[in-house]
Amino acid sequence: MTNNQTNTKAVVVKDLVKKFGDFVANDHLSFAVDKGEIFGFLGANGAGKTTAIKILCGLSHPTSGDVKIAGYDIYKQRDLIKKNIGYMSQKFSLYDDLSIAENIRFYGGIYGLSRKKIKEKTEEYIEKLGLQAYTKSMVKELPLGFKQKLAFSVAIVHDPPIVFLDEPTGGVDPITRRQFWELIYKEAANGKTIFVTTHYMDEAEYCDRVSIMVDGRIEALDEPKKLKETYGAQSMEEVFIQLARG
Amino acid sequence: MRIFIIKEFLQIFRDKRSLIILFGIPIVQVLLFGFALKNEIQDIPIAILDKSKDVYSQQLINKIISSDYFVLEEDLQEEKAIEEAFRKGKIKQLIIIENDFSEKLEKKNRAVVQLILDASNPNTASMINSYTSAILRDFEHEINPIPTRVPMVIPETQMRYNPELRSVFMFVPGVITIILMLVSAMMTSISIAREKELGTMEVLLVSPVKPIQIIVGKVLPYVLLSFSSAVIILIMAYTAFQMPMVGNLVLLLAESLLFIVMALALGIFISTVANSQQTAMLLSMFALLLPSILLTGFIFPIKNMPEILQYVSQLMPPKWFVIIIKNIMIKGNGIESIWKETLIILGFTVFFIGLSVKKFKTRLE
Amino acid sequence: MKTILYIIQKEFLQIIRDRMMLPIIFVIPIFQLLILAHAATYEIKYVDMGIIDLDQSVESRALVQKFEASPFFRINARSFSLEKLSDEMQNSRIEQILYIPSDFGYQIEKNAPVKVQLITDAVDGAAAGVMNAYALNIIKEFNKDVLKEAQLLSLNRKIIETRPSYWYNPDLDYKTFMIPGILVLLVSIIGLFLSGLNIVKEKEIGTIEQLNVTPIKKHHFIIGKLTPFWFIAMFDLFFGLALAKFVFNIPIVGSVGLIIGVASIYLVLVLGIGLFISTLADTQQQAMFIAWFFVIIFILLSGLFTPVENMPDWAQAINIINPIAYFIDFMRMVMLKGARLVDVSYHIISISIYAILSISLATWRYKKVV
C-alpha cells in the first residue's frame, strides 16, 4: 500500500465505454475495487471481460469514461499505473524457449529489479512452486499447472499492489486450479488486490466480491453469499444462469 | 472432403493481404522483368578527352556521340581529371584521342585511340568495348578509299526463334517457374506448418477423415490458385510482351499442372521437416527461391557455371520445367522432345510424395 | 538503459536456443555467397556449334579450321543437310550453325565477296548476342588472312589502333562485380526477415501483451529488440567481406572503415523497415509475404543482376526510394573503385535520411496501446 494512502480504492471505474465500430463491448461500466480485495469479474465468453481488463491494464484505449488504477488516471498517468500492476493473460506469456530462471530474469530486468533481487526472487519461486526438478529445463517442457503458477509469479515479480488475471485457469484440471487459488489467497493475504476474470462459476465462490457481466453490461455486483440470497440460488452457477437468461 | 476444400478456400480468400501478394507478385514481376530489366545497352554516359581537336578527331567524336549507344557526359580537358570522373561513378567509358590525330593518320597511316572502361561490371564493359570498336571500324572504312573488288566472307546473321534478341523470352519462363514454386511449395509448407503450430492439425488428424483426404483438401485450392496465376502470366506474356506461343497450349498447361503437383509435394515435404512457420519460411526461401532463380538458367546460363554447380542444378526441379516451357512456347516442340524432362519432374513428384507419406506415418505411430 | 540489456540478453538466448536459426543465420549466407558468386556470370565459355560445309575446298576448310582452333567453339555436329542441323538446334543440342555454300572457294579465288550463313539459337537473347560476336570475330580474322594472302591490303591504308584498358576489374571477372552486391543482398534479407518476423512472433504467442503492461519505454524496447539483429547482420557482413577478400581475392580498394560506418547506418534502415512490416502484420505468414513483395521489387531494380542504366526512366525513378540500390552502388564504388567519402556523400546522405525515416515510422506505428 505505497500509493495514495487516503484512497482506499484500488480500482475505480466510472461510465467506461468501449466500442468496436458499432459493436459495444463495454456498455457504461461503473464499479470500484477495494484494496486487498479479491474481485471476481465473471461472464460468459464474449461478454466483454477481456476487453475491460485490457483497458484497465493500459493495453487498450477506452472509448469514453473515467478509470483510476491505484489512484492514477488511465489517460494521464499510464506509466505510473504500469509500475503498480501485474498482468497475467490466458496465454501465460512465458517464453517457451527460455528456462525458468531466464524468464524471471528477463521480466525482473524489465521492471528494473536489481540483480540481487532477481536472484532472490528466482530462488524463492523455485522453492515456493516446487520447481526444483525443472531448473535446467526450458519452459515448454513444464507441465501446464507449473507453467501457470510460474506465469503468475512472473507477473508479480515486481511486487505490484494490484494484479490483473485474465482467465488464468483455462484448460487445467480442478486440483491444479485449487492449488492455483491457494497461491492467489497467499498474495491477497500479503495485501495485494486481485482482479480476476473467469467463466468458472465455482471459482466465483473464492472471491470476496464478484461482478457478473452480460452482453457488455454489469448485471450484478456483490459478495457471492449475498448474490445467492438475492437470487434465491444454491450456487453461483444458478445465479449466473438466471442472469444470463434474464 | 468438400468441406475441407471449402475451408481452405475461405481461409485463403479471407486473408486479403496474402491474396494480393499471391496475384500481385506475379504481375509486378512480369512487368518488371518485361519492361525494366534489360541487358541491351543504350545511352551509356561516356567522357571524351580529345588531345588533338582536329578534323579527324572531331569527325570521330561526332560519329560516336550521334550513335544511340552513347551520351557525352563530360568533355575532359586534361588527364588529371580522369580518375575523379570515374570515381564519381557516372561515366562508363572514357575515349582518349591522342595528340596530332589527323597528322599521324595522314603521314604515318596509324593513330591510337585509347579506351578506358569502367569494368566493375565486366558484362557492360565488354559490350561497350565491342560497340565502340565497331564504330571505330566503320570510321576506318569511311576514311579509306574502298578497293573495287576484294575477296571477302560476308556473314549473314540469322537469330533463330528470337530475331530481336528480347530478354522477355528468357524471363517469362523463369518467372512462371518462380511463381509456381513460390505459391505452391511455399504456401503449402507454411500453411501446414501453421496448422501444426496452432494445433488444428491434431484436430484434423483425430477426425474420421483419412490423412490422404486432408492432404488433398489442403492442396487442391493451391493447385487452382497456382494454375490461375500461371495462366495470368501466360496471357500477359502473350498480350503485353508479344511472347510467341508456338507449341501446343494444352501440352503446356498439362506440364504446368504436373509441375504444380510436384511443387506441392515438395511443400508438403518441407512442412513435415520444419517445426515452425518461421523455419518453413526460411527453408523455402533459402532452399527453394534463390536456387530456383539462380540455378535454373533463367538469368545466368547453367552451361557457364563451375561443374559442381552444374551437377547441383540437375537436382533443381525448376530447371527442368524452364527447359520444358522454352521448348513448347518458343521452339514449338512436342512431347517427343521433352519426354525426358517430363519424366524427371514426375520422378521428383513421386519421390517427395513418398518421403512425406513416410514421415507422416512415423509421426502418427 | 539497463532494461535494454535485459532485452538484448533474452533475444540472444532465444536465437542461440533455436537449432534451425543458427544455420540459417550463419551457414546459409556463406553457402549463398559461395554458390551465387560462382553461378552469377554472363560470360560464355564456349559455343556448341554445327557446321555445314558444302564446298569442302581448301578455303572452306581453312575457315572451319579457324573455328576448330578457337577455344570458344566446340564443333558438335557436321552435316551436309541444313534440315538435320536445324533439327539438332530445335532439340537444343547445338546453339549455332555455320553454313558454307558450295561456291565458297570459287568466289574467294576470283576475289569476289561470298556469303556464309550464321544461325544462332536466340532464345536467350543476351547469350545469342555474345555467341554471334564470337563467330563474327573469327570470320573477321579469316578475312584479314585472305586479304593478306591476296596482298590486297593497301599499304597506305589508314589504321586506327584501339587500346582498351579495363579499370577496376582488369580481368573482367564477373565475381568481382557480383560479390559486393550479393553481400548487400544477404545482409538485407537476414536483417529484414529476422526483425520482421520477430515481433510478429511475440504477437502470435501473446508475450507482446505481457511486455506492453510493463512500464518499459517504447524506444528501449525497440533498441533492445533490434540490437541483436544488428550485430548478427553486421557479423554476416564482416564474415562476407573476409570471404570476399581471402577466398575470392576481391580487392577492397576503398576504406573498410567507410564501409563499416555506412553499413551500420544501412542496417538500422533495414531493421527499421522490418520492424515497420511487423507492425503491419498479424501473422508471420503475412509479414513474410509483405517482406517478400518489397524485397523482390527492390532487388530486381537495384542493379544487382541487370545494370540500372539500361532500365527505363520510370524504373530508375523507383530506385530513388530503393534502399538496396543505394547500398549496392555504394559498396561497388567503394570496394572496386576506391571511392572516397566525398564521392559517395549522396549515397550516405540518402541512406541516413532513409534510416531516420524508417525508424521513426516504425516507432510511430508500433503501439503499446491499441
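Chain B has 14 helices and five strands. Before going on: this is a predicted model. Of the 365 residues in chain B, 44% count as buried. If we take the contacts in chain B between residues at least 6 apart in sequence, 79% of them join residues at least 24 apart.

Now the core. The largest nonpolar core has 283 residues, and the ones that touch the most other members are A:Ile69, A:Phe195 and C:Leu183. Which helix gives the most to this core? Helix H7 of chain B, residues 168–198, with 19 residues.

Let me stay with C:Leu183 for a moment. Setting aside neighbours within four places in sequence, C:Leu183 is in contact with C:Leu237, C:Gly240, C:Leu241, C:Ala244 and C:Met331.

Next, a pair of helices from two chains. Two packed helices are described by the angle between their axes and the distance between the axes. The crossing of the two, H3(A) and H1(C), is left-handed.

Which residues make the contact? From H3(A), they are A:Glu102, A:Phe106, A:Gly109 and A:Ile110. H1(C) brings C:Lys2, C:Thr3, C:Tyr6, C:Lys10 and C:Leu13. Sorted by class, the contact of H3(A) with H1(C) has four nonpolar, two polar and three charged residues.

That is what I have for today.

Definitions and conventions
Residues numbered from 1 in each chain as written. Chains lettered and ligands numbered in written order. Predicted model: local features only at pLDDT ≥ 70, side-chain atom pairs only at ≥ 80, totals over all residues. Helix = DSSP H or I, 4+ residues; strand = E, 2+ residues; numbered from the N terminus. Buried ≥ 20, exposed ≤ 12 C-beta atoms within 10 Å, placed from the backbone. Contact = placed C-beta atoms within 7 Å. Left-handed = near helix turned anticlockwise from the far one by under 90°. Nonpolar A, V, L, I, M, F, W, Y, C, P; charged D, E, K, R; others polar. Core = buried A, V, L, I, M, F, W, Y, C linked by C-beta atoms within 7 Å.
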